[in-house]
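The following exercises concern one protein chain. Please study the sequence and the model before reading each solution.

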Amino acid sequence: MNTINSQQLFARAQNSIPGGVNSPVRAFKSVGGEPLFIKSAKGTYLYDVDGNQYIDYIASWGPMILGHAHPAIVAAIQEKALFSTSYGAPTALEIDMAELIKTMAPNVDLVRMVSSGTEACMSALRLARGYTGRNKFIKFEGCYHGHADPFLVKAGSGVATFNIQTVPGVTAGVANDTLTCAFNNLAAVEQLVMENKGQIAAIITEPVAGNMGCILPEPGFLEGLRSICNREGIVLIFDEVMTGFRLAAGGAQAALGIDADLVTYGKVIGGGLPVGAFGGKKEIMQHIAPLGNVYQAGTLSGNPIAMIAGYTLLKQLHSNPAIYTELANKTLYLHEGLEKVLQEAGVPFVINRFGSMLSVHFSQKPVTNFADAASANNALFNQFFHAMLQRGVYLPPSAYESWFLNNALSYADLDATIEAARSSINSLC
Ligand SMILES: *Cc1c(COP(=O)(O)O)cnc(C)c1O
């Protein structure tokens, strides 16, 4: 595979962009090697600057759920751009978008648009704090909620330990209000709540985790969080930035049958443009400015080009529920194909799957939380990643990332992926 143009661009990029990339995972640090520079994409295929073609399992980390350069979305953006790209004043399209979101997620009474998942989560937490008058919150180790300070706290070893050790730049004052415990560990949540009675504003979780591979909630876990929050007056926030409009038209809330108090969206909601949103119960949402006094704002929030891209995609998803069945069937097909190939190779592995999210962990034991994901043979995953890339399959460049399937994938593409996996794993074991 010739990647000389990518290599040259990466060398050039490092002189003007930190690490040569505008978001760290793109740098391939986890898997090693150098990133590919992409020139274009269509349907399920990515094309790099050297003309190599790849089957894409990142889908821009989710938004390209119907494939790249979807004709309806491209046309809608082109048409809208002629009318100016931003006004800084309200538009009818923002109401259309909010109404569509409410239809798709019926427990959302009010929704505020922002420009990223980070903003959505940061604002939802501020709102939960403003609403409850409490400062602390619980997040789960290995869940990602964007890069706002309070979410960057890593879990300490014990559930009762305050997490003073933080990312440089995050103050201890901020970190002390972030309580963490292992995903799927309801007993640990109960203990944190008991030790911090009346002080916890929110519990935030990815309902199906996608930032430590794909990790499913065990039966009863989310239900347990729901009842603890009800009992203690804690705001339950589902971070549906990955799962929203992906696991079902109504997101994980619909797929799992559990309603949160606040929900955050990103990724799919923008159809590939920078969009996020947070919404939920009116009783809580009415505390946001200008209705209430919890401040939140954005110069480009509800931007018309971003709105038309997201709206056009959501319309497609809403009006054609068969998309979710098709995606789930394709993901199951890939799962079964990979399972067969990896079994034949005799390598220990675990495949986690939910809807159109899937991850392969080279692990001997079930992967139910971050510690399990971290204890897998991730060095083997890194080799597997490069072997797949050589064979034209572009997986997320980290063992801690979920794969995202898009509905432009054909069964021939899935067969090609499974064959690439067979050849890759046989070359490594
Ligand atoms: C990607 C992601 C975010 C952050 O969204 P950005 O748009 O990258 O700021 C937040 N939460 C989850 C679950 C995510 O996957």
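**Exercise 1.** Is Lys267 buried, partly exposed or exposed, and why?

*Solution.* The model is a predicted one, in which local features need pLDDT of at least 70 and side-chain atom pairs count only at pLDDT 80 or more, while totals for chains, interfaces and linings use all residues. Residues are numbered from 1 along each chain as its sequence is written, and side-chain values use heavy atoms, with hydrogens and water left out.

Step 1. Recall the classes: buried means under 20% relative accessible area, exposed over 50%, and partly exposed in between (1.4 Å probe, protein chains only).
Step 2. Lys267 counts as partly exposed because its relative accessibility is 24%.
Step 3. Locate the residue: Lys267 sits in the loop between strand E9 (262–265) and strand E10 (276–280). Here helices (H or I, at least four residues) and strands (E, at least two) are DSSP runs, numbered from the N terminus.
Step 4. Consider the backbone: Lys267 is not a glycine, and its phi is positive, near 45 degrees.

**Exercise 2.** Where is Ser84 found, and what is its phi?

*Solution.* Step 1. Ser84 belongs to the loop between helix H2 (71–81) and H3.
Step 1. Although Ser84 is not a glycine, its phi is positive, about 90 degrees.
Step 2. Ser84 is classed as partly exposed because its relative accessibility is 33%.

**Exercise 3.** Which residues of H7 are buried?

*Solution.* Step 1. Helix H7 comprises the 12 residues 221–232.
Step 1. The buried residues of H7 are Phe221, Leu222, Gly224, Leu225, Arg226, Ile228, Cys229 and Glu232.
Step 2. Recall that an α-helix has 3.6 residues a turn, so residues three or four places apart point the same way.
Step 3. Among the elements covering the buried residues of H7 are strand E5 (136–141), helix H6 (186–195) and strand E8 (235–239).
Step 4. After H7 comes Gly233, with a positive phi near 65 degrees.

**Exercise 4.** Into which domains is the chain divided?

*Solution.* Step 1. Domain 1 covers 4–69 + 321–428, and domain 2 covers 71–319; the bounds come from an automatic or database domain assignment.
Step 1. Taken over C-alpha atoms, the centres of domain 1 and domain 2 are 25 Å apart.
Step 2. Domain 1 gives 32 residues to the contact and domain 2 gives 35, where contact means heavy atoms within 4.5 Å.

Definitions and conventions:
Expected span 1.5 Å × (residues − 1).
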